[in-house]
Amino acid sequence: MAQILLHGNLHVTIFDAQELSTAVPAPAPQSSSARLTTRSGRPSLGRAYLPVHELLDGEEIDRWLEVCDNDRQPIGESKIHVKLQYFDITKDRNWARGVRSAKYPGVPYTFFSQRQGCNMLEDIFDAITNAQHLIYITGWSVNTTITLIRDTNRPKPGGDVTLGELLKRKASEGVRVLMLVWDDRTSVGLLKRDGLMATHDEDTANFFRDTEVNCVLCPRNPDDSGSIVQDLQISTMFTHHQKIVVVDSEMPNQGSEQRRIVSFVGGIDLCDGRYDTQYHSLFRTLDTVHHDDFHQPNFATASITKGGPREPWHDIHSRLEGPIAWDVLYNFEQRWRKQGGKDVLVQIRDLADIIIPPSPVMFPEDRDAWNVQLFRSIDGGAAFGFPDAPEDAARAGLVSGKDQIIDRSIQDAYINAIRRAKNFIYIENQYFLGSSYGWKADDIKPEDIGALHVIPKELSLKIVSKIEAGEPFTVYVVVPMWPEGMPESASVQAILDWQRRTMEMMYTDITQALQAKGIEANPKDYLTFFCLGNREVKQEGEYEPQEQPEPDTDYIRAHEARRFMIYVHTKMMIGTPSFFCIKSLVKLVTSLVFSVDDEYIIIGSANINQRSMDGARDSEIAMGAFQPYHLATRQPARGQIHGFRMALWYEHLGMLDDLFQHPESPECIQKVNKIAEKYWDIYSSDDLEQDLPGHLLSYPIGVTSEGAVTELPGMEFFPDTRARILGAKSDYLPPILTT
């Protein structure tokens, strides 16, 4: 029987249950049925089945279903009362039509509604320096020893002060400085002070102890819905990953005594290793801006005394003004009231005559105006004030489960944008794995993996729908060569294995669609993966290290080959020109980037994995934005999102081409693939005659005509390592940790 790919929404309401047994069935095999699993607490009590063909006509089904065991035999008199209705996404009036209108209301059914009249840019150093009433910061990591201003061509008065001293100074001036820094539970004496993640959380807390800065180490506490074991998993395995700064700021018109709220949201933590420029040098800044900020966690013994390569950093952040900035403020207030302890939040209503209320910062007719919406992954264990009743949660744009209320709007935002996309999607992300229910069950049980978020499957089904319609559509994905860490380690190899399975699932969908249409084409013309890297010839006068890396190590091999990956930390699906929060510190650094048709962008802290998209695991924040006067209606969008993507491609490719104006065209994707393949050949070559002309490298995998992801000839390992490019399945690390 030919495979049928269903793409849509299944609305399910469970009204009642009767005579439920406590027998626990074994996992059920895949079938052409809709399967509902009933649980009391966590163990499965049984499954109810409904043939898929009954759903396909889109009619509502309201009935009692028998609860069965693994052999599909009824369990006594057990039944559940359900209502189901399937909605085919291709029949949605917004399917593949883009934003279409300036009146686009944003992603529906979310906690935060879309805001109009907003703006982005500028930098955090000035924002903190000029704040008079409040400075609120959340971070996965905050390092008090870094300086925010390092560009010698753009010095600022007081720019040499460290972040820690700057915040203490502002607090002593009467500014309320509140910080929520993730409490890494591994930061204990039995392990090491920095913790397994090296977040410096204990050092940060100690630095601000007995000062006027309120710094709270904030563990990822669970809500009240899980077992003791699950609560332990959440508190030790998952993190607070939001990266925001909220300040009061001066008004644009000089001389006004009033203030406004300005917020920063993105992928960059205020910690070591994040400063970089678009050149992403490996060796040439080791005696200047990176001498005291040498970051290289991929080699066990790396240090500035042994020399480069350092790990270059590619990331993105956004500045938000107008009503959207208040949504970020409210997010901080919810989190502080849940875990901040002392009630020291600034009472904004007491400053009503100073801080203006939420209002547009741009006129409606301003052609540079933005419409922006805030999204999150967070649950009641991390945010105060979530409603208890499922009905109230649904009205607030939240998801409810058993004793659990979740904001999962980041995943919803990605899904909404993918489904609206017309021509192409451009993604940069630190991770790319998920939709494990679609992985091949060769040496795993997909139902045991739990990476259930649907973004990879939504992308492949989008491409399939365009192939079936005979329309061009391309998805570009930029990821790191490997997740940060020792590339041969079990955790990194496990993540690469999940990534390979995700890619293979997507390419299988695409190749099957091509075969069904009788099209002979390279699947990489529809979906293509890249990574970033750099390679530099040695220059006269370069920093000379005092020591040498140890022999026969990845470190010495990379040192001698003078190459290393540029770490893609971005979380973006394309859009807006975003800068590192400190504009003069990092000229243009991209992080989690998601761009659709050059008219809509998502920027935030969330990775494309289950941890970030689940809502009940890592806490995350993101914004989605478009410019209402720059939409792809009668002609391609040519606003700031387009300009940002073109600048990004110039940084990555080291060149511009008219074809880049139309990234959906076969000619464009083939040219970009050809350039990236050439750069990979230079990067991986044994010879080094010149600097790498650009940074965009073809991700070193092959794709067969059946969609299988394979090694390239002679390329089992990443250069200079013994780390398998396709990863390796871990038999002892639980999937919940690595997905």
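## Two arginines with positive phi

Arg562 sits in the loop that runs between helix H10 (554–561) and strand E20 (563–565), where helices (H or I, at least four residues) and strands (E, at least two) are DSSP runs numbered from the N terminus. Although Arg562 is not a glycine, its phi is positive, at about 55°, and with 10% relative accessibility it counts as buried, a term that means under 20% relative accessible area, with exposed meaning over 50% and partly exposed in between (1.4 Å probe, protein chains only).

Arg72, which is not a glycine either, has a positive phi of about 65° and belongs to the loop between strand E4 (61–68) and strand E5 (74–88). Arg72 counts as partly exposed, because its relative accessibility is 37%.

## A cis peptide bond

Gly308 and Pro309 are joined by a cis peptide bond whose omega is about 10°. Pro309 is placed in the loop between strand E11 (259–266) and strand E12 (313–314).

## The protein as a whole

The protein contains 14 helices and 28 strands, and 59% of its 739 residues are buried. Of the contacts (heavy atoms within 4.5 Å) with a separation of 6 or more, 73% are between residues 24 or more positions apart. The protein exposes about 30200 Å², of which carbon and sulfur atoms supply 49%; accessible areas come from the Shrake-Rupley method with a 1.4 Å probe, and for residues only the protein chains shown count as cover.

## Basis of the values

This is a predicted model, in which local features need pLDDT of at least 70 and side-chain atom pairs count only at pLDDT 80 or more, while totals for chains, interfaces and linings use all residues. Residues are numbered from 1 along each chain as its sequence is written, and side-chain values use heavy atoms, with hydrogens and water left out.
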